[in-house]
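I opened my notebook to record what I looked up in this structure, beginning with the strands and ending with a helix.

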Amino acid sequence: ATEVVTALHEVANGEVWTAEAIAARKALVEAAGLGWNVVESLPVHEGIKTRGPDWDRLIDSYRTSLRNLAACGVTTVTYN
């Protein structure tokens, strides 16, 4: 194996995945001699799916998380 597929499961659904948290996970993976370019899931909060009252904040958080993943070299996001 040369790569892993993982996610930041400890981050609450709807919260921003910070660049620092992503970089820390990537460093942990790389310290084990592997790469991390695919995230298994960036959860979509129910408030986004239903366009609930917090939709604006939730979608901004989701977009920020996507940008942070890209900035850290995670180039593929799957949705399961």
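I began with strand β2 and strand β3 (residues 76-77), which pair in the parallel sense over 2 bridges; two strands count as paired if DSSP finds at least two bridges between them. Helices (H or I, at least four residues) and strands (E, at least two) are DSSP runs, numbered from the N terminus. I noted that this is a predicted model, in which local features need pLDDT of at least 70 and side-chain atom pairs count only at pLDDT 80 or more, while totals for chains, interfaces and linings use all residues. Residues are numbered from 1 along each chain as its sequence is written, and side-chain values use heavy atoms, with hydrogens and water left out.

Which residues of β3 are the bridge partners of Val-38 and Val-39? I found that Val-38 has Thr-76 as its partner, and that Val-39 has Val-77.

I then turned to strand β1 (residues 3-6), which pairs with β2 (residues 35-39) in the parallel sense over 4 bridges. Here Val-5 stands opposite Val-38, and Thr-6 has Val-39 as its bridge partner.

Taken together, the 3 strands form an open sheet in the order β1-β2-β3, with parallel pairing. Because β1 and β3 stand at the edges, each with a single partner strand, one side of each is left without a neighbour in the sheet. Helix α1 packs on the sheet and touches β1 and β2 (contact means heavy atoms within 4.5 Å). The direction of α1 makes about 130° with that of β2, where axes are lines fitted to C-alpha atoms, for helices over the stretch in contact, and angles run from 0 to 180 degrees between N-to-C directions.

My last entry concerns helix α3 (residues 55-71), whose 17 residues should span 24 Å at 1.5 Å a residue, and the end C-alpha atoms are 24 Å apart, which agrees; the expected span is 1.5 Å times one less than the number of residues. Among the buried residues of α3 I listed Trp-55, Leu-58 and Tyr-62, where buried means under 20% relative accessible area (1.4 Å probe, protein chains only). The buried residues of α3 pack against α1, β2, α2 (46-49) and β3.

Key
Buried < 20%, exposed > 50% of the residue type's maximum accessible area, 1.4 Å probe, protein only.
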